[in-house]
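My notes follow in the order I took them.

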Amino acid sequence: MDKTSVTIASAVNTLSDVAALRRQLDAIERNEKNNISGNISLENIKKQCDVLQKETVAKLSATTQQQIEAQDHLHFVVKRTKEINELIKSLNDAESVDVCFLMDCTNSMQKYIQEVKDRIFETVKLLKSRFSFFNIRLAFVGYRDFNLTPDKQFSILDFTDEKEFYSFVSTVKCEYGGDVCEDVLGGLQKTIGLSWKQTVRILIHVSDCPSHGRRYHNLPEDQDFYLSHDADGSIGTNCIQQLVELRVRYFFGRLTNLTDKMIQQFAKSTSDKTAIQQFHLEKFQNLLPFIFDSVTRSISKKTSSIMKTYAVNSENPLNTESLAKNSVRRSIVFDGKEPTWTRIQPKQVQVVKYECNSDLNCEEMMQSKNIKIADSPFAEGALRLAYYGLLQYKDIWGKVVFKEYKGVTGGDNTKEMYLEMLDCQTVADYLAQEFNKVSPATNSTAMIKKIKFIMTKLVFVPQGNEGKFRYYTMERFIEGAYKKFSNNIGYVNHQDPALTLQAFSHWTYERTNGEMIVVDLQGIDIGDHQTYLLTDPCIHATDLKRFGRTNLGKAGIKRFFQTHVCNIICQTFKLKRNEHQPDRASSKCDSHICEKPNSSMATEASKK
Ligand SMILES: [Zn+2]
Ligand SMILES: [Zn+2]
């Protein structure tokens, strides 16, 4: 056999036409000796063989390439699915809650204890309707004063279910406390001794009187029989520090100003500014909203910290400690003021913009633009820094915001991360534009607002002369009150239930035949124009390779529906009920908590 046929034979196997050619070639070769004119034909066939050989090798290597890609894809999907499953598990665990009631059981407190008992089932039911994996254990520590015999000083029930809790609290009696002050510190020590276990731990303390001891109040001497109690503050400090160590969140329901000095002292015991939070209860009817709010805040705080860690750290998504240690951050100096623009040199930069087609795939468009960018950022979110900037359009410089990922290590700040954001925002806006045009399926008086996503572009700012770039996203600067309406793990802002936005998410699921859902809706409610101007959405898609780490795939879609109650606008569009949605019956009780207590707690803006 000659060289050609050997090479062909080794390259082919799969292509029958090459094999056929080879057989022809062999036959002609055999005839060659007999037929001298066959040489011409042989040359032709050899040429054809050469061409085919090249094609075959190309095809074979393409196949190998495809195989490698398919393997990579499979590997990626397996890894990401595993990460998502672990994430969902810890999110579900964050709905496991221990709540301990620490209550002053003297004098006028009986009606508060009565209220806890009377409304505990209702509260738990309400919380269960809000969280799909809600699981609660309840404990009770009632404290009184030193004037009583030791067996009457405390009423203690360690963590248990709501039925046992109810029976126990029914038996708790208030006693006369002697003076104004009570044994608050004794009560705190008892709560530390309880069997705290669940992921989220909450202490709800309700009292109208301070602890004994000069440092805890400004009362006249005759109203505290134990004025020298905890004179150096070590007992109080120790209690608060132990609670912080136990990861217990302390919510104090304030009834009078008598307790203010005590709470201030407690707050000084720890550097954790959020360790103690105070509510102005004012009347016992506010107790249920207070409990409800404390629990929902604590769960939200836990889940957003889990999400933040997941979004930042690709190696070990659920370990908050490693986040701080391993993620390299540049040291940042902020400047809240807009710069004097005349002092800043314009830069010519390449700008990437995405355009979405009806198959929801995006195409990249390159433009050259002139920009100015502030030297220092003016604000930061969990993942990104924001800079003031200007963009030149014809002769006008318009205000824009540049955003940059904080990470400086390779995996924390890649071009892909920016492109994933563009992809996400562009697809979300494409769907919003379609949604705005859809006519309701039924006659309805429901007010359907328009939805728009702020257009985001990717900017390459050259760094030095080595062809290196720094990446930023660029979007129009918009002034207004920024609100979070939903997140990507099923949170719904019940204080501002934006019905159109909830329905929009549901609609995107139907529009994409269940392949995507647009969530994490936040931005500005332009009331006058009946429009929501939104930014930074997330998309859960069955294709896990798109839209970055916050795409939680089918698990994310499921999580949306687990907390989604179809509203009047969903009904207007005749959106289909999803199997994961809660029962309507158990989810209508939100109206109970409309009356909110006056809260002195800072609202935690969920920033990204
Ligand atoms: Zn006392
Ligand atoms: Zn719906």
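I began with Asp 98 and Arg 137, whose side chains meet in a salt bridge at 2.7 Å, N to O. The pair links distant parts of the chain. Asp 98 sits in strand 1 (residues 96–104) and Arg 137 in strand 2 (residues 135–143), 39 residues apart. I then asked: are Asp 98 and Arg 137 buried or exposed? Both Asp 98 and Arg 137 are buried. I note here that the model is a predicted one.

Next I looked up Asp 536 and Arg 384. Their side chains form a salt bridge, with N to O at 3.1 Å. This pair also joins distant parts of the chain, 152 residues apart. I placed Asp 536 in the loop between strand 18 (531–535) and strand 19 (538–541). Arg 384 belongs to strand 10 (residues 384–393). The cut-off behind both calls is under 20% relative accessible area.

I turned to Lys 89 and Asp 93. I found their side chains in a salt bridge of 3.3 Å, N to O. Where do Lys 89 and Asp 93 lie? Both are in helix 3 (residues 38–93), four residues apart, about one turn of the helix. I checked accessibility for each. Lys 89 counts as exposed because its relative accessibility is 53%, and the cut-off for exposed is over 50%. Asp 93 has a relative accessible area of 30%, so I wrote it down as partly exposed.

I also looked for linked salt bridges. Which residues are linked in a network of salt bridges? I listed Lys 79, Arg 80, Glu 83 and Arg 549. My search of the whole structure gave 25 salt bridges.

I located Asp 429 in helix 12 (residues 415–437). Its relative accessible area is 11%, so Asp 429 is buried. What does Asp 429 touch, not counting residues up to four places away in sequence? I found Lys 452 and Phe 453.

Then I took up a helix pair. Helix 13 (residues 499–511) packs with helix 14 (residues 553–563) at an angle of about 140 degrees. I read their axes as 11 Å apart. That angle is why I call helix 13 oblique to helix 14. The crossing of the two helices is left-handed.

I listed the residues where these helices meet. From helix 13 I have Gln 502, Ser 505, His 506 and Tyr 509. From helix 14 I have Ile 557, Phe 560 and Phe 561. I sorted the contact of helix 13 with helix 14 by class: four nonpolar, three polar and no charged residues.

Last, I took counts for the whole chain. I logged 15 helices and 20 strands. The chain has 608 residues, and 50% of them count as buried.

Notes. Residues numbered from 1 in each chain as written. Chains lettered and ligands numbered in written order. Predicted model: local features only at pLDDT ≥ 70, side-chain atom pairs only at ≥ 80, totals over all residues. Heavy atoms only, no water. Axes fitted to C-alpha atoms, helices over the stretch in contact; angles between N-to-C directions. Parallel < 35°, antiparallel > 145°, perpendicular 65-115°, else oblique. Left-handed = near helix turned anticlockwise from the far one by under 90°. Contact = heavy atoms within 4.5 Å. Nonpolar A, V, L, I, M, F, W, Y, C, P; charged D, E, K, R; others polar. Salt bridge = Lys/Arg side-chain N within 4 Å of Asp/Glu carboxyl O. Buried < 20%, exposed > 50% of the residue type's maximum accessible area, 1.4 Å probe, protein only.
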